[in-house]
Amino acid sequence: MRTYLITGGTDGMGRGLGLHFLGRGDRVVAVASGEAKGRAFLEAAGRLGAADRARFLRADLSTVAGMNAVVADVAATETRLDGVVFATQRFQERRTLTADGLEYTFALSYLSRFVIGHGLAGLLSASPAPVVFNLAAPGGFAGRIFWDDVRFEREPYKGMKAATQASRANDLLAVDFPRRHPDSPVKYVVYNPLFVKTAMAEPLKQPKKAVTSVLAALFAQRVEQAIVPMARLMDDPPAERASAWRRTTRLPLTGADFDPEAADRLHALTEDLVASLRA
Ligand SMILES: NC(=O)c1ccc[n+]([C@@H]2O[C@H](COP(=O)([O-])OP(=O)(O)OC[C@H]3O[C@@H](n4cnc5c(N)ncnc54)[C@H](OP(=O)(O)O)[C@@H]3O)[C@@H](O)[C@H]2O)c1
């Protein structure tokens with residue numbers, strides 16, 4: 001029986017993967033901030049006969065305290081992790097700062113993956129074939145990291161700019177993670193599912209919400225379809241420690257998005273940021 005931690009595990013693709021793993025007999029800890037979706041996830045687990053293998057852990061992963069609380073809880077309750085799926089998102093149309101004073105999307109969609117991934121590397125290394133599966137958008141969208149202004153203090157804010165900045169950061173995290181844990185068996189997969197019909201439109205205001213929902217109904221994959229290649233990849237990742245995918249197409253880890261020097265730079269910037277919050 002394998003054990004998976006899934007952030008954003010109560011909706012969309014995180015939930016889909018969680019129910020898939022529960023359905024085949026594995027254990028799942030799903031993390032999210034809302035109680036109602038957490039309860040609904042546990043009820044769905046019950047319908048699969050997996051109530052005793054499912055757990056909901058409530059945490060706000062936009063805050064460093066929430067990220068650290070998840071690491072501490074899982075470290076205290078689990079002896080090993082076979083997989084971690086990162087699938088949180090909450091699109092911010094307007095620039096929003098977290099309780100730590102960070103830009104919301106940077107914190108939720110990138111920093112939580114940095115803190116939890118590194119924080120649980122030891123538990124992952126106790127598994128014979130551990131996988132970190134980071135759902136982001138490699139190879140699909142443009143965007144860049146605003147190195148001197150990751151909080152968008154001077155750079156004019158747009159929700160898509162923040163989302164693509166987080167995605168570029170996750171590309172670099174995928175390159176960097178294996179280098180920080182050179183003796184670990186963890187395989188790091190960064191994955192772009194393209195357009196999938198999920199709760200993605202929920203945070204949008206009208207008319208964008210309605211337009212996105214209609215586009216999703218017309219063009220997006222269903223979660224049940226989208227998770228099939230993801231689960232396959234998690235069960236059988238490539239031999240290399242890091243890989244990037246756009247659905248079933250493997251992307252070369254070359255070019256600016258996967259530049260090892262930029263990965264070093266981002267690692268240092270992120271550590272400084274976390275340290276400054278501690279001070
Ligand atoms: N859907 C797409 O077309 C698409 C395309 C490319 C990439 N992706 C990526 O795929 C991943 C999954 O996307 P999705 O569309 O399946 O997501 P989704 O349906 O919108 O679900 C998001 C999940 O994140 C949780 N969450 C949101 N804010 C949180 C917070 N502050 N703390 C903890 N958990 C929080 C939500 O629960 P609560 O709200 O209750 O906290 C929910 O469980 C994301 O990383 C996304 O960027 C999606």
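Mentor: In this predicted model, two rings of Phe, Tyr or Trp are said to pair if their centres lie within 6.5 Å. The structure holds 7 such aromatic pairs.

Trainee: What makes Tyr 110 and Phe 114 an aromatic pair, and why is the pair called tilted?

Mentor: Their ring centres are 6.2 Å apart, and the limit is 6.5 Å, so the two rings pair. The angle between the planes is 55°; stacked requires under 30 degrees and edge-to-face over 60, therefore the pair counts as tilted.

Trainee: Where in the fold do Tyr 110 and Phe 114 lie, and how many residues separate them?

Mentor: Both belong to helix α4, with a spacing of 4 residues, about one turn of the helix.

Trainee: Are Tyr 110 and Phe 114 buried or exposed?

Mentor: Both are buried, which means that each has under 20% relative accessible area.

Trainee: Which residues touch the most other members of the largest nonpolar core?

Mentor: That core has 52 residues, and Leu 5, Val 70, Tyr 110, Leu 111 and Ile 116 touch the most other members. Elements giving two or more residues to this core include α3 (64–77), α4 (104–119), α6 (159–180) and α9 (260–278). The largest share, 9 residues, comes from α4.

Trainee: Which residues does Tyr 110 touch, leaving aside those up to four places away in sequence?

Mentor: Tyr 110 touches Thr 105, Ala 166, Ala 169, Asn 170, Leu 173, Leu 266 and Thr 270.

Methods: Residues numbered from 1 in each chain as written. Predicted model: local features only at pLDDT ≥ 70, side-chain atom pairs only at ≥ 80, totals over all residues. Heavy atoms only, no water. Core = buried A, V, L, I, M, F, W, Y, C linked by side-chain atoms within 4.5 Å. Buried < 20%, exposed > 50% of the residue type's maximum accessible area, 1.4 Å probe, protein only. Contact = heavy atoms within 4.5 Å. Phe/Tyr/Trp six-rings, centres within 6.5 Å; stacked < 30°, edge-to-face > 60°.
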